[in-house]
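Visitor: Can you walk me through the side chains in this one? Keep it short, please.

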Amino acid sequence: MTAKVKTSVRCVDESLTEYAIGALSPAKHIIIACQSEISDEVAERIAFQEDLAATLMVDVGGTPLSPLFMGEVLAKLPPRCANDKFEEPYDSMAPNALRHILGHGLRDIPWKSLVPGVAVHDLLGNRKYKEGDRLYLLRAKGGMQMPEHGHKGEEWTLILTGSYTVGDDTYMRGDLHIEDDTTEHSPYINEGEDCICLVMTQAPLKMKPFMAKLVQPIVGI
């Protein structure tokens, strides 16, 4: 069972609406599906949006959404692993939608860690892509400062464990942090447990520090 967040979390109503009507890309759809499992509030807001969309479709005689949509999303993902054993409590932090892709919880992820303190695990797309959505897990050590960077397109980050701070804003478990090509930031990973995030990007990050640009191809973000 996924550990729930009962307090208010950061979410984007427009994204919830697009999720409810099946208008998101597979990577974005999975992120919202995971957030809805973590947060009761998000799940309730999606249910409201789905009911509203269904009502509007009936009123205007529209075509209902295909019940095969989620299957089509999952069909685009790599085959799941055979290991279905989830251990508590750490693995309970992984939403079922993510476990379905991984075949396990967060404990057994085969992280690729080529730079101290930062590790990634690809889910959809790959680190050599030039455009299109890429979905991956990112783990960063508590107490470290991520290099300043901008974006080419959107970056969606769903916090699964730990937290980070950008300016005056702190993002915690269940929060969805969305940035676009108009912003630059340098998240500080807060002290304590590692911060594990489910991340969607539409192109490689635009690193600012010279050293970060050098190691970017190695880290793969």
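Guide: We'll look at rings, charges and nonpolar cores. This is a predicted model, where local features need pLDDT of at least 70, side-chain atom pairs count only at pLDDT 80 or more, and totals for chains, interfaces and linings use all residues. Numbering runs from 1 along each chain as its sequence is written, and side-chain values use heavy atoms, with hydrogens and water left out.

Visitor: How many aromatic pairs are there?

Guide: One. The centres of Tyr 164 and Tyr 171 lie 5.5 Å apart, with planes at 40°, so the pair is tilted. Rings of Phe, Tyr and Trp (its six-membered ring) pair if their centres lie within 6.5 Å; planes under 30 degrees apart are stacked, over 60 edge-to-face, the rest tilted.

Visitor: Is Tyr 171 buried or exposed?

Guide: Buried, because its relative accessibility is 9%. Buried means under 20% relative accessible area, exposed over 50%, partly exposed in between (1.4 Å probe, protein chains only).

Visitor: What sits over the ring of Tyr 171?

Guide: The charged end of Arg 10, 4.5 Å from the ring centre. The rule: NZ of Lys or CZ of Arg within 6 Å of the ring centre and within 35 degrees of the ring normal.

Visitor: New topic. Which residues touch the most other members in the largest nonpolar core?

Guide: Leu 98, Leu 135, Leu 137, Leu 160 and Leu 198, out of 35 residues. Such a core is a set of buried Ala, Val, Leu, Ile, Met, Phe, Trp, Tyr and Cys residues joined through side-chain atoms within 4.5 Å.
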